[in-house]
Amino acid sequence: MSSIRPLHDRVVIQRLEEERTSPGGIVIPETAAEKPMKGKVIAVGNGKMLDNGERRPVEVSVGDQVLFGKYSGTEVKIDGEDYLVMREDDIMAVFQ
């Protein structure tokens, strides 16, 4: 990926592919599968500027696997790859 740095409390996320097979062994076609809500953090901003002039750093870091809302973020295409740009507030959890 080209060098990109999101501003403020935004993060760039690459969606991780979901399993295409159900627990019962049924293969789910790509057209019927929902977009994954799990992704990998590719880039993070410097943090949110607070009212008192201080900057609150972003809690996620590059390489973290995160869970986000189904309709969160804005889809962008960078160097032929699809990414999501969203605010840190749209991230619900970090996988350990």
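How many helices and how many strands make up the secondary structure of this protein? There are zero helices and eight strands. Please keep in mind as you look around that this is a predicted model.

**The protein as a whole**

- Followed along the sequence, the order of elements reads β-β-β-β-β-β-β-β.
- The protein has 96 residues, and 25% of them are buried.
- Its accessible surface comes to about 6700 Å², and carbon and sulfur atoms contribute 50% of that area.
- Among contacts in the protein with a separation of 6 or more, 62% are between residues 24 or more positions apart.

**The nonpolar core**

- Which residues make up the largest nonpolar core? This set of ten residues consists of Val11, Ile13, Val41, Val58, Val60, Val66, Phe68, Leu84, Met86 and Ile91.
- Two or more residues of this core come from each of S1, strand S5 (65–68) and strand S7 (81–87).
- Val41, one of the core residues, has contacts that include Ile13, Val60 and Val66.
- Leaving aside residues up to four places away in sequence, Val41 also touches Val12, Ser61, Val62, Gly63 and Asp64.

**Asp9, a buried acidic residue**

- You will find Asp9 in the segment before strand S1 (10–15).
- Is Asp9 buried or exposed? Asp9 has a relative accessibility of 2%, which is under the 20% cut-off, so it counts as buried.
- The side chain of Asp9 makes a polar contact of 2.6 Å with the side chain of Arg87.
- Beyond residues up to four places away in sequence, Asp9 touches Gly47, Lys48, Val58, Met86, Arg87, Glu88 and Asp89.

**Val44 in strand S2**

- Val44 belongs to strand S2, which covers residues 38–44.
- With a relative accessible area of 23%, Val44 is partly exposed, because this value lies between the 20% and 50% cut-offs.
- Not counting residues up to four places away in sequence, Val44 is in contact with Arg5, Pro6, Arg10, Val11, Val58, Val60, Ser61 and Val62.
- Val44 and Met86 are separated by 42 residues in sequence, and their C-alpha atoms lie 9.9 Å apart in space.

**Two residues with positive phi**

- His8 is a residue other than glycine, yet its phi has a positive value near 55°.
- His8 sits in the segment before S1, and at 42% relative accessibility it is partly exposed.
- Asp79 is not a glycine either, and its phi is positive at about 50°.
- Where is Asp79 placed? Asp79 lies in the loop between strand S6 (74–78) and S7.
- Asp79 counts as exposed, because its relative accessible area of 55% is over 50%.

**Aromatic rings**

- Searching the whole structure turns up zero aromatic pairs.
- The ring of Phe95 has a charge over it: the charged end of Lys38 sits there, 4.5 Å from the ring centre.

Conventions:
Residues are numbered from 1 along each chain as its sequence is written. This is a predicted model: local features need pLDDT of at least 70, side-chain atom pairs count only at pLDDT 80 or more; totals for chains, interfaces and linings use all residues. Side-chain values use heavy atoms; hydrogens and water are left out. Helices (H or I, at least four residues) and strands (E, at least two) are DSSP runs, numbered from the N terminus. Buried means under 20% relative accessible area, exposed over 50%, partly exposed in between (1.4 Å probe, protein chains only). A polar contact is a pair of N or O atoms within 3.5 Å; within protein, one must be able to donate a hydrogen and the other to accept it, and residues adjacent in sequence count only if both atoms are side-chain atoms. Contact means heavy atoms within 4.5 Å. Accessible areas come from the Shrake-Rupley method with a 1.4 Å probe; for residues, only the protein chains shown count as cover. A nonpolar core is a set of buried Ala, Val, Leu, Ile, Met, Phe, Trp, Tyr and Cys residues joined through side-chain atoms within 4.5 Å. Rings of Phe, Tyr and Trp (its six-membered ring) pair if their centres lie within 6.5 Å; planes under 30 degrees apart count as stacked, over 60 as edge-to-face and the rest as tilted. A charge sits over a ring if NZ of Lys or CZ of Arg is within 6 Å of the ring centre and within 35 degrees of the ring normal.
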